[in-house]
Amino acid sequence: MMRGTRRWGVRAAISAACAVLGLTGCSFQGINSLPLPGAVGRGPDSVNYQVEIDNVATLEPNSPVMLDDVVVGSVGRMTVKDWHAVVEISVQPDVVIPANAVASVGQTSLLGSMHLALNPPPGEPPSGRLEPGATIPRNSSSTYPTTERTLASLSTVINGGGLGQISDIIHNFSAAVSGRETEIRELLTRLDNFVGVLDAQRDDIIAAIQQLKRVAGTFAGQREVLDRAMRELPPAIDVLIEQRPQLTTALQKLGQFGDTATRLVNEAGDDLVKDLEHLGPTLEKIADIGPDLNLALLWATAFPYGPTFADRITRGDYINLFAVFDLTYPRLKRTLLLGTRWGDENAKLIPAPGDPYYLNYSYNPLSLGVAPPPQTAPAEKPPVDAPVLPVAPPPPAAPWLPQSTVTPQAQIFAGPYGNEPSAEPRAEAPGGGG
């Protein structure tokens, strides 16, 4: 009877194993990959999510899923996709996973088991609800350092790092500081003052950096111009290098000129100051006659016609011009030939057309009436050897000005004189001609 019971138990175990293998198919990865009975969040109404993590460390399936340090689910299947892990988790249906939750793989204690925590970001309250079937991306997941990694890092620091050299560093620093406490204290004081000055000038430094940024932006906008300048600058520098001896000589001469000018100013400084003091009243007087000086300069540019001469003679596209060229012999004797053997400043000028007294002059004494001489004692007549031209009244001081009075034609004595003193001039009726 017991033998039959044992056979039945072996058959039941084999049947259960075959059933499990049939359910899992070809994905059997050990006993731990099978869902454990009684695990949290494994019921038929559980909610499933996916978490993408770069490193799952020693996380295993069936590990707990915690929310605010409370187990709310368990880890399911883990796969690899594009060099990162994809972890499937299932949680209880009445648990609200925040929409801003981040996943982190951690350890319950130093030697405890691994778990997956779903919590809001540090310093932020939970918001919303994560939809069923949603995926938490890699940028919202992380892994805490494991105990093995922490011990390995500490071992590296202690054994192969610089921890053993701290004693040497402290000893050398103490030797360097020993006996120089005063200098180091002063250095620290000056460093504190320097940092304080920088802190006080913080706004100016920020403004300078902003202006430098603006200048850099301007340079960036003028990149083509700067490139062309950099290409054209070397030939200009070559020219300056070729002209270096001349530039050096010019600078030396300029220095000598400066020395001479300095010596001259030093020697004649008092006289120069007096000259400048005396020049002050002169400049003041010139400034006082400034308006008159402007008017004089205006007239000097158009002497003797005046500044409105061009406006008066110009009529549209033509110019009015009336000119008389006197090339008579008496005029030449009084002007061009004056000072030579042919010059004569007392030469009798013959009036030219346009002169005010031209109409009062006659070339023929018989063309005008002659008045008898005044009843006075005859004056002594100068000797005359030949006939002379009629005598005209002397020209006025300014012949180009209008005359106030005109000598009557009847009072002009035309001559010539007779051979005898008692001869009287023949009278002719006015308006006669001959």
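Trainee: Is Arg77 buried or exposed?
Mentor: Arg77 is exposed, with a relative accessible area of 54%. On this scale, buried means under 20% relative accessible area, exposed over 50% and partly exposed in between (1.4 Å probe, protein chains only). Keep in mind that this is a predicted model, where local features need pLDDT of at least 70, side-chain atom pairs count only at pLDDT 80 or more, and totals for chains, interfaces and linings use all residues. Residues are numbered from 1 along each chain as its sequence is written, and side-chain values use heavy atoms, with hydrogens and water left out.
Trainee: OK, so which residue forms a salt bridge with Arg77?
Mentor: Glu88 does, with the closest N and O atoms 3.2 Å apart. The term means a side-chain nitrogen of Lys or Arg within 4 Å of a carboxyl oxygen of Asp or Glu.
Trainee: And which parts does that pair tie together?
Mentor: Glu88 lies in strand β4 (residues 84–91) and Arg77 in strand β3 (residues 70–81), so the pair links parts eleven residues apart in sequence. Strands (E, at least two residues) and helices (H or I, at least four) are DSSP runs, numbered from the N terminus. Glu88 itself is partly exposed, at 28%.
Trainee: How many salt bridges are there by this rule?
Mentor: The count is four.
Trainee: Switching to helix α4, how far apart are Arg190 and Glu186?
Mentor: They are four residues apart in that helix (residues 181–200), so about one helical turn separates them. Arg190 is exposed at 56%, whereas Glu186 is partly exposed at 41%.
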